[in-house]
Amino acid sequence: MIVQTAFADNAQEKALSVRDLTKDYPGVRAVDTVSFDIDRNTVHCLVGENGAGKSTIVKMLTGALAPTSGSMAILGRDYAPSSTQDARESGIGTLFQELHVVDQLTVLENLTLGMEASRLGFLVKSDLEERVTKTLAAIEPTIDPSARVSSLSVAQKQIVEIARAASSGASIIIMDEPTAALSEREVERLFGVIRRLRDSDVTVIYISHKLDEIFELGDNVTVMRDGKHIATKPLADVNGRPELIEMMVGRAITHDYESRGEIADKPVLTVKGLSNYLLKDVSFHVNEGEIVGFYGLVGAGKTEVARAIYGADKADGQIDFLGRKRPSSPKEAIEAGIALVPEERRTQGLFTELTIRRNIPIMNIRKLASFGVFKDEREKEVAREYVGKLGIATNSIEKYAEKLSGGNQQKVVLSKCLFADADMLLLDEPTRGVDVGAKSEIYDLIRDLANNGRAICIFSSELEEVLGICDRVFLMYDGRVEAEIQNGAEVDIPQILNVVTGGGRENP
Amino acid sequence: MTDLTQNPTSGDRVKRFLKDYYIYLVLILVVVVLSTANLDKFPLFERGNFLSERNIINILRISAPILTLAGAFTLLMISGYIDLSVGSAMSLSAVVYAMLVINGVPFLPAFVATVLLGVLLGAINGFLVIRLKITPVIATLITLSLYKGIALLLVEDGVSAIKSGGDLKMPGWFNDYGRDGVLFGLPWAFWVAILVTIAMIIAQDRMKLGKYAAATGGNPTAAKLSGINTARTVILLYVLVGVCAALAGIARSSFMSLGDPLSGDGMELTAILVVLLGGTAFSGGEGRVLKSFIGALIIMSLTVGMLTLVPAYFQTLVVGTALLLAAASNHLVSRRDSEN
């Protein structure tokens with residue numbers, strides 16, 4: 001390998017250097033000429049809002065994506081992984097949010113998986129087992145190597161996976177929101193593991209929305225915003241949460257909320273004390289004709305609120321919707337007049353292999369039938385009506401949903417909900433993957449629906465979206481509604497970010 | 001969260017014990033019931049005694065094909081895959097083996113050639129599933145039809161099986177392998193089944209193959225991320241199943257003194273049944289070769305026992321019902337596990 005001279009003289013001291021790294025997607029520059037260094041044997045945090053470009057950088061580091069331009073180096077040596085396998089062999093281990101351990105094998109078998117010493121296919125004794133056992137004991141002595149992984153908690157499985165990366169010779173371990181599913185005690189234990197890793201010649205790249213964790217654990221921090229590098233500096237030099245949040249937000253977020261006038265206090269949905277595996281005592285109400293937003297970062301519990309109301313997840317607490325029977329399944333929710341537009345449009349919201357006309361009436365197909373016999377003509381009429389009403393750009397109602405643009409697909413999903421006679425719409429990330437023009441059309445549609453008396457809940461991780469369209473916004477963090485704000489000109493954006501990154505606890 | 005591994009309650013221990021040993025308890029139960037039932041009026045059992053030497057030998061030698069198959073089939077199912085073509089592969093092997101022998105090929109070359117045929121049949125399944133990416137159920141349903149079709153074609157028009165007749169005569173030694181007692185009253189085919197099972201137990205516990213099969217079935221992504229060549233693992237397992245199907249075909253052919261193109265019919269169901277009965281998860285990842293072997297003994301004891309109790313045409317229904325029970329209990333166990 002060639003040692004590149006473009007990097008600094010002390011390049012060997014840098015666990016990882018990134019120079020002018022850029023990633024372009026059609027129409028979007030996700031990462032824009034980013035350069036920074038990560039010191040050896042430190043915990044280096046990567047922060048930024050949703051969409052700041054953190055996960056794109058991680059994907060390039062782990063070989064899942066190739067950069068459009070720019071370069072990377074590990075310990076001063078050029079690094080351009082061609083695959084995730086290649087990245088692992090270059091010493092970059094990754095702790096994915098989805099765990100990659102084999103439940104049916106023991107801890108030790110998992111630690112040695114794929115690295116076993118063997119002769120003619122027969123397993124033979126080697127020092128490998130002793131080595132990985134030692135590595136595991138060094139970072140977490142309470143896990144029994146002979147235990148079945150299926151008997152471990154999520155936190156312990158995570159540690160097994162970290163131990164595997166460490167014992168397969170990773171010099172850098174990337175952790176993306178590793179505490180999302182952990183209890184407080186488990187988080188403490190994980191932090192202990194991370195500190196011991198750092199002391200045993202491993203560099204950790206730590207990504208989290210929880211700023212308290214960053215301050216507790218990190219040595220240095222890199223702040224990203226809108227795909228650009230804002231700053232890299234020691235956390236000791238960062239003046240508390242306010243400075244970090246200011247770097248993350250930077251400019252004022254533009255939001256063009258137009259007040260829709262006074263909304264009468266006429267609750268259609270009242271939720272009290274909603275709690276389940278993730279949600280903690282969530283209470284709120286939504287009025288007729290109101291657009292309510294739920295804003296929070298990944299794992300805050302937005303989707304879970306929507307699923308609980310929709311009857312897709314079990315939850316304790318009260319849900320009252322116009323005095324109707326509380327739905328215990330999506331089918332009952334639809335019958336009660338609640339419709340959900342799921343986050344994963346292509347896999348959960350749409351039948352991509354059916355045509356527009358087959359998609360639109362599918363939630364309420366009985367409306368098209370008389371005496372149990374389905375009327376093709378009625379279906380066409382309905383499809384034409386909605387294509388016109390919602391402005392779905394297509395030359396034919398016989399077009400496959402798969403072939404439509406993201407914005408038009410979302411309009412088809414909305415049509416489905418409207419045809420189902422929903423009085424309330426739950427919209428989870430309604431404009432994800434939708435281009436700017438179609439976005440504002442969808443916003444107009446949502447406003448129209450609300451003006452016609454429907455109640456609307458939007459669950460979004462885009463602050464601009466929530467502030468652009470919602471009348472009231474609930475801020476979520478860690479399964480709780482931490483604050484409620486009335487939308488208007490004087491919203492305090494740094495304060496919002498403070499709340500959704502866990503800063504609302506001290507000064508509510 | 002507390003460590004479940006550290007302090008199992010007594011209830012957990014009972015559950016564990018049942019999970020680990022229920023198959024042996026079932027075998028004992030079946031043997032006890034069959035040997036105490038009053039079977040005097042059933043001529044199949046010598047003097048109505050299930051535990052008579054002749055009866056045990058009889059059961060073990062008809063069990064040779066399924067005992068040979070169970071181990072490799074278990075490993076394949078642990079890896080999350082399935083082979084519905086085993087019955088047809090067995091029939092085709094039986095026909096080919098009988099044809100070779102009846103045309104004067106000596107035992108060893110005929111035997112080796114048939115085993116090589118098994119390698120080919122298994123490799124074709126592996127190729128369809130891994131390289132052409134056809135869903136395992138569909139791919140092996142296709143070969144089920146293909147292999148059986150070839151077996152039927154090989155048998156002359158108007159004749160139901162390859163057998164002695166006309167100018168061609170089966171040699172006298174033809175029955176030695178699958179029927180006539182050679183060692184402790186049992187034929188070679190049974191001892192081969194024992195050897196194959198021991199080999200599969202070693203493969204499961206002492207070789208990379210067994211561990212990789214469990215990893216592939218348990219968490220394919222994790223297996224791939226660990227650098228395991230899951231494609232090669234699965235193809236190898238299909239080949240193993242193919243070889244065992246060929247051995248089972250030879251055993252059946254030798255037992256019946258003919259090459260019957262229908263002799264393996266329904267074997268896929270029996271194989272799935274014994275493997276599920278042995279506690280292998282249908283979703284893959286978990287299972288024991290030895291328990292499937294015990295499962296096969298249970299099913300064969302029951303089958304023979306049933307022959308004496310209920311008409312033969314009831315058997316398919318009974319096998320189906322047993323399969324349903326095995327699958328349902330399997331589902332219940334795995335659901336309880338994931339709820340913990």
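# Questions on a predicted two-chain model

Student: Which loop of chain B holds B:Ala161?
Tutor: This is a predicted model, in which local features need pLDDT of at least 70, side-chain atom pairs count only at pLDDT 80 or more, and totals for chains, interfaces and linings use all residues. Residues are numbered from 1 along each chain as its sequence is written, with chains lettered from A and ligands numbered from 1 in the order in which they are written. Helices (H or I, at least four residues) and strands (E, at least two) are DSSP runs, numbered from the N terminus. B:Ala161 lies in the loop between helix H5 (136-154) and helix H6 (188-206) of chain B.

Student: Is B:Ala161 buried or exposed?
Tutor: A residue is buried if 20 or more other C-beta atoms lie within 10 Å of its own, exposed if 12 or fewer, and partly exposed in between, with C-beta atoms placed from the backbone. B:Ala161 has 20 other C-beta atoms within 10 Å, so it is buried.

Student: Which residues is B:Ala161 in contact with, leaving aside its neighbours within four places in sequence?
Tutor: Two residues are in contact if their C-beta atoms, placed from the backbone, lie within 7 Å. With those neighbours left aside, the partners of B:Ala161 are B:Val155, B:Leu258, B:Gly259, B:Asp260 and B:Pro261.

Student: How many helices and strands does chain B have, and what part of its residues is buried?
Tutor: Chain B has 12 helices and zero strands. Of the contacts in chain B with a separation of 6 or more, 77% join residues 24 or more positions apart. Chain B has 340 residues, and the buried part is 47%.

Student: Which residues touch the most other members of the largest nonpolar core?
Tutor: A nonpolar core is a set of buried Ala, Val, Leu, Ile, Met, Phe, Trp, Tyr and Cys residues joined through C-beta atoms within 7 Å. The largest one has 235 residues, and those touching the most other members are A:Ile173 and A:Ile456. Helix H9 (residues 230-256) of chain B gives the most to this core, and its share is 17 residues.

Student: How many bridges join S11 of chain A to S12(A)?
Tutor: Strand S11 (residues 220-225) of chain A and S12(A) run antiparallel. A:Asn220 stands opposite A:Pro234 in S12(A). The number of bridges between these two strands is six.

Student: In the sheet S14-S13-S16 of chain A, what is the pairing?
Tutor: The edge strands, strand S14 (282-287) and strand S16 (316-321) of chain A, each pair on one side only. Five bridges join strand S13 (residues 267-275) of chain A to S14(A), and A:Leu274 has A:Val282 as its bridge partner in S14(A). The pairing of this open sheet of three strands is antiparallel.

Student: How many residues of chain A are in contact with chain B?
Tutor: On the chain B side, 22 residues take part. The number for chain A is 23 residues.

Methods:
Two strands pair if DSSP finds at least two bridges between them.
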